[in-house]
Amino acid sequence: MSPDIDPVLIVGAGPAGLTAAALLADLGVPSILLERWEGIYPQPRAVHLDDEVYRIIARLGLAPGFAEISRPALGLRLVTSALRVIAEFPRDPGMGPNGFPAASMFDQPRLEELLRTAVARRAELITFRSGVEVYGIGQSDTGVTVSATDRDTGERITFRGSYLLGCDGAGSITRSAISSEWRDLGFSQRWLVIDVETSADLRQWDGVAQVCDTHRAATYMRVGETRYRWEFQLLDHETAEDYTHLDTVVPLLRPWLEGVDAPDLRLVRSTEYTFRARVAQRWRDRRVFLLGDAAHLTPPFIGQGMGAGLRDAANLSWKLADVLRGGAPSSTLESYERERIPHCTDLIRLAMVTGAAMTGGGHGGDVLRRTVAPVLAGVPGLAARLTDSTTPALRPSCYVRRGVSGSGIPRWVPVPSAARLAGQLAPNAVVAADERRLDDSTAGFRIIAVDTPTPEQEFEIRRRGGTSVVVALDSPLGQWLHAHHARAAVVRPDATVMAAGRSVAEVYTLLPGLAAGSDAR
């Protein structure tokens with residue numbers, strides 16, 4: 001443990017909690033990670049993440065390991081209940097602007113194994129306590145306190161720290177402790193989730209197939225070499241108890257099992273989920289923050305559930321480090337809610353709209369989809385746009401400046417092209433002769449520019465803890481800037497553009513001058 005910084009307490013060692021602990025450690029911030037259970041939850045839950053989230057995993061040094069346990073998804077097919085293709089929206093499985101496949105399928109327990117490995121490698125700064133039941137959370141002006149019980153011995157334990165991250169799931173005790181109520185966005189559906197393992201060749205497309213049938217909407221996806229998932233909307237009179245054995249499940253799967261016998265299949269699980277759309281009304285109370293499912297719940301239609309929690313961790317970790325190590329005022333932490341709540345809410349609403357577009361509308365909706373979807377799939381460029389993994393830009397905050405003067409521009413005012421870059425991710429493009437990409441070559445706050453800073457500007461950039469990355473105009477990053485009528489951009493430690501302008505002089509003074517961001521690796 002670092003002797004000069006009180007640790008950050010993290011409740012919950014799921015993907016969000018593990019990621020937050022590892023990112024904080026890389027920034028020199030110690031943490032105590034508390035988990036109720038001894039081992040990893042063995043059942044698969046999340047099965048998809050996009051290249052933006054892949055990029056967060058790569059920051060932890062896990063890209064090669066994740067590549068071994070995942071497979072790129074080829075896009076989306078809309079199909080009838082008989083699996084006749086209505087429309088296909090393909091996706092290039094190769095590397096995109098973030099340096100990774102736009103969509104990857106995986107098994108969540110294996111990902112959590114990787115994340116626990118990352119935490120173990122950082123044991124000098126991370127204390128991991130499993131088998132701990134948290135029952136009380138308190139805070140003062142100077143720190144936070146967690147009261148817990150050792151589940152094996154019954155011993156009462158108290159943990160103290162500087163801040164607390166509640167990564168403890170939908171039933172979060174942290175959310176209750178800060179009296180943050182759910183904001184319900186008006187979506188609730190019961191679905192049956194079935195995971196099957198088989199070495200048999202199902203001879204199915206290696207993308208996601210969405211059954212557009214309002215009687216029984218369904219989704220099929222191949223998760224791994226031998227792992228498959230189906231999701232079926234349950235009818236009003238059905239429960240998961242109707243589908244507990246392979247012989248009751250196979251009739252649902254039959255359209256995908258041509259030539260495959262039931263003995264060739266192993267039922268991994270069959271369980272009921274109620275998909276909801278909810279956002280906690282507030283994600284922060286002074287020194288306590290909510291992340292992951294403690295803060296938001298989403299329908300699965302665009303595969304952003306688990307990834308949203310990793311986005312939370314990536315957004316908050318460097319800001320906490322800058323407060324604890326770099327001397328930034330605690331008021332800068334207000335940017336976490338300002339940026340993440342609207343971004344997450346936008347994605348949840350997109351998931352709701354996507355689900356309705358693919359499965360809603362009754363018989364008329366089915367007819368409309370069979371008529372319109374093939375036309376849309378044939379429009380040049382539209383299919384690529386529909387499968388684009390880019391998420392919305394973050395809203396203005398102290399770390400997202402739409403106006404280079406530093407003041408935010410109201411949303412209804414037309415924004416210059418350069419200013420629109422603020423809040424977006426900078427491409428993870430190749431920037432070195434050895435093929436290293438931006439994230440591998442630099443860290444902390446960066447000025448990306450097509451013009452070399454003057455000696456005075458370079459001195460000030462370094463004094464403020466930043467680095468400059470000068471790129472050729474015809475390079476990928478140079479073209480990215482040029483396409484937005486910009487010549488320079490300030491990029492945050494999480495690779496988000498803070499501000500962009502027509503010269504280095506317009507943006508370099510926006511660097512916050514914080515020490516922690518400068519040694520983020």
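This is a predicted model: local features need pLDDT of at least 70, side-chain atom pairs count only at pLDDT 80 or more; totals for chains, interfaces and linings use all residues.

**Notes on a strand and a helix pair**

I started in strand 23, where I found that Ala489 is the bridge partner of Ile448.

Strand 21 covers residues 446–449, and four bridges join it to strand 23, with the two running antiparallel.

I then checked the other pairing. Strand 23 also has four bridges to strand 24 (residues 497–501), again antiparallel. Here I saw Ala488 standing opposite Gly501 of strand 24.

Which way do the residues of strand 23 point, and are they buried or exposed? I noted Ala488 and Val490 on one side, Ala489 and Val491 on the other, and all of them are buried.

I followed the chain into the hairpin of strand 23 and strand 24. Five residues lie between the strands, and Ala495 takes a positive phi near 75°.

The axes of helix 1 (residues 15–26) and helix 7 (residues 305–324) come within 8 Å and cross at roughly 25°. Angles under 35 degrees count as roughly parallel, so I put helix 1 down as roughly parallel to helix 7. I logged their crossing as right-handed.

Last, I listed who meets whom. From helix 1 I have Pro15, Ala16, Thr19, Ala20, Leu23 and Leu24, and they meet Met306, Gly309, Leu310, Ala313, Ala314, Ser317 and Leu320 of helix 7. Sorted by class, that contact has 10 nonpolar, three polar and no charged residues.

Technical notes
Residues are numbered from 1 along each chain as its sequence is written. Side-chain values use heavy atoms; hydrogens and water are left out. Buried means under 20% relative accessible area, exposed over 50%, partly exposed in between (1.4 Å probe, protein chains only). Two strands pair if DSSP finds at least two bridges between them. Axes are lines fitted to C-alpha atoms, for helices over the stretch in contact, and angles run from 0 to 180 degrees between N-to-C directions. Angles under 35 degrees count as roughly parallel, over 145 as roughly antiparallel, 65 to 115 as roughly perpendicular and the rest as oblique. A crossing is left-handed if the near helix is turned anticlockwise from the far one by less than a right angle, and right-handed if clockwise. Contact means heavy atoms within 4.5 Å. Ala, Val, Leu, Ile, Met, Phe, Trp, Tyr, Cys and Pro count as nonpolar, Asp, Glu, Lys and Arg as charged, and the others, Gly among them, as polar.
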